[in-house]
Amino acid sequence: MEKLLKIELKTSILKAFGSAGGGYISQGQSYETDSGRVFVKINHKPQARKMFEGEMASLEAIQKTSTLRVPQPIKVIDLPGEGAMFVMEYLKMKNLSKHPAKLGEQIADLHLHNQKLGEKLKKEGNTVGKGAGHSEPQYLDKFGFHTVTCCGFIQQVNEWQSDWPTFFVCHRLQAQMDLIEKAYGDREARELWSQLKLKIPEMFCDVEIVPALLHGDLWAGNVAEDDFGPIVFDPASFYGHSEFDLAIAGMFGGFSSSFFSAYHSKIPKAPGFEKRNKLYQLFNYINHWNHFGIEYRGSTLNVMRKLLK
């Protein structure tokens, strides 16, 4: 693997440093190279290239907005046999502690970026962007993303939709519930979902939603800081409702009140925020059920019942 890395990166030096790390999906290792330090994620599953390509596209999209700092993506490399590596800039990161408010402001700036592009285009009388093949971000009036991304190891369809409830129900909730049905055939989950999906559109009747570029997996394990400020990584981006990111951030702790206060100073809560927040948390509980097993069934069904009241 290291011989392949040297060839692909065109480096005479490839020296590992630090301890190997990683999450429950991929392993990681840092290296010294001719052109500086890099961090390499390694995954031996057949779907690794698709997963890493989605992550790379997400990092590139966030980077183009100039709102948030992310590692510079470098290259996805196929491994012999199966699997792939994803090479990116090495950043010496530590737990977020000094800069949660700054991160809240920057996440809000990310979410407002497309809206501001739209306002600028209205003033200039320009046309709507189509979402791919542009060196600079272009205003998008649809929900989705130009490529597949992955939430954990599950591939997410990001086909463009003209309205948010359709995108969210079809490409996020229904897609995850189909996996639950296939794996468990859970009758109670099926019955609750059949009732809930009919009620979801009414949760958005009184709120205007401009497509916002999202991180897509904004939990505490995917944010950090260094001496220069906040850093985010491991995104699964798409254009959606800004509240989606906040629901995941609020689920399992790790984000201080100063993060949310700073965010809402730029994007105030809209009417119905709390109920929609539960709806977005439902997606994450279903996703955890699919990834980690039956222990998340109870949480999933409880949220469904609350949303039906």
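On a 1 Å grid laid over the protein atoms alone, a pocket is an open set of points with protein on both sides within 12 Å along at least five of seven lines, and its lining residues are those with an atom within 4 Å of a point. The structure discussed here is a predicted model, in which local features need pLDDT of at least 70, side-chain atom pairs count only at pLDDT 80 or more, and totals for chains, interfaces and linings use all residues. Residues are numbered from 1 along each chain as its sequence is written, and side-chain values use heavy atoms, with hydrogens and water left out.

The largest pocket holds about 1,200 Å³ of space, where a volume is the space filled by probe spheres set on grid points that are joined across faces, edges and corners. Its lining counts 45 residues, of which K41, G221, N222, F233 and D234 are the closest to the centre. Several elements each supply at least two residues of this lining, among them the strands β1 (14–22), β2 (27–33) and β3 (36–43) and the helices α2 (48–65) and α8 (273–292); helices (H or I, at least four residues) and strands (E, at least two) are DSSP runs numbered from the N terminus. By class, the lining of the largest pocket has 21 nonpolar, 18 polar and 6 charged residues, with Ala, Val, Leu, Ile, Met, Phe, Trp, Tyr, Cys and Pro taken as nonpolar, Asp, Glu, Lys and Arg as charged, and the others, Gly among them, as polar.

The second largest pocket has about 310 Å³ of space, and of its 20 lining residues Q115, E208, H241, S242 and I267 are the closest to the centre. Helices α3, α6 and α7 (257–266) each supply at least two residues of this lining, and α3 gives the most, with 3 residues.

Helix α3 (residues 100–124) also provides the largest share of the lining of the largest cavity, 4 residues. A cavity is a set of grid points where a 1.4 Å probe fits but cannot get out, and a search of the whole structure finds 1 cavity of 30 Å³ or more. The largest cavity has a volume of about 40 Å³ and is lined by T65, L110, H113, N114, L117, L213 and Y239, a lining with 4 nonpolar, 3 polar and no charged residues.

Helix α6 (residues 243–249) includes E243, which is buried at a relative accessible area of 7%, buried meaning under 20% (1.4 Å probe, protein chains only). Leaving aside its neighbours within four places in sequence, E243 is in contact (heavy atoms within 4.5 Å) with A270, F273, R276 and Y280.

In one of them, the rings of F168 and F244 have centres 6.2 Å apart and planes at 75°, so the pair is edge-to-face. Because F168 lies in helix α4 (residues 164–184) and F244 in helix α6, this pair ties together parts that are 76 residues apart in sequence. F168 is buried, with a relative accessible area of 0%, and F244 counts as buried at 0%. One aromatic cluster is formed by F143, W164, F167, F168, F204, F238, F244, Y280 and F283.

Key. Buried < 20%, exposed > 50% of the residue type's maximum accessible area, 1.4 Å probe, protein only. Phe/Tyr/Trp six-rings, centres within 6.5 Å; stacked < 30°, edge-to-face > 60°.
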